[in-house]
Amino acid sequence: CPCDEILRAVIADEDVEELFLRPLVDNIPSEAMATFSQLQQDYQIPDEEAISILSAVQHAFSTSRWSVPYNLALRLSNDTALAYATPAATFLHTIAAEFGNFGPSMNMLGVAYQFGHGVEPSQSQATYWLSMAVRAGNVDTMNNLGRDLLQQPVSLEDQAEARRLFRLAASHGSNDGMVNY
């Protein structure tokens, strides 16, 4: 795996490599590592950033704290000067969404596919990820979808669906959901 080569180049001490780096890579599912290796090859991610990304992913897999890759993805998303930032953020959100069922990352992926941020626009993928975020209880998604429904010419079905989404968000403790409902 190219990740092993990068990690060896950054840390030359064999004891440190065996104690830290091997478990870091070994704990990540092979399909996630394959995706990361391709991303790394395509965008020449700097060594320090590659270690940061892998550490966040490994931490999430070992502790089920999916907010770790999510927060790193948000940081990367804000750095538009880096060519790898958006693809790396999309990778991190995908890891948290697919493996961790993490609603905020599902929401971010839905929006990314809806508007083509870092991915090819795809209404079917946007719908999939946004509906998964609603199922995962993400109140931001519920409120945003409800508001989106009311911003277009509104049918009775759209009004009913918007109310349902606001009510669902309110039932999850969202103040916005309570106000909009």
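## Around helix H8

Just after helix H8, Gly137 adopts a positive phi of about 85 degrees. Helices here are DSSP runs (H or I, at least four residues), numbered from the N terminus. This is a predicted model, in which local features need pLDDT of at least 70, side-chain atom pairs count only at pLDDT 80 or more, and totals for chains, interfaces and linings use all residues. Residues are numbered from 1 along each chain as its sequence is written, and side-chain values use heavy atoms, leaving out hydrogens and water.

## How H6 meets H7

The axes of H6 (residues 85-100) and H7 (residues 103-115) come within 8 Å and cross at roughly 130 degrees. The axes are lines fitted to C-alpha atoms over the stretch in contact, with angles running from 0 to 180 degrees between N-to-C directions.

Contact (heavy atoms within 4.5 Å) involves Thr90, His93, Thr94, Ala96 and Ala97 on H6, and Ser105, Met106, Met108 and Leu109 on H7.

## Two loop residues to look at

Most residues other than glycine have a negative phi. Asn101, in the loop between H6 and H7, has a positive phi of about 50 degrees although it is not a glycine. Gln44, also not a glycine, has a positive phi of about 45 degrees, and its place is in the loop between helix H3 (30-43) and helix H4 (47-63).
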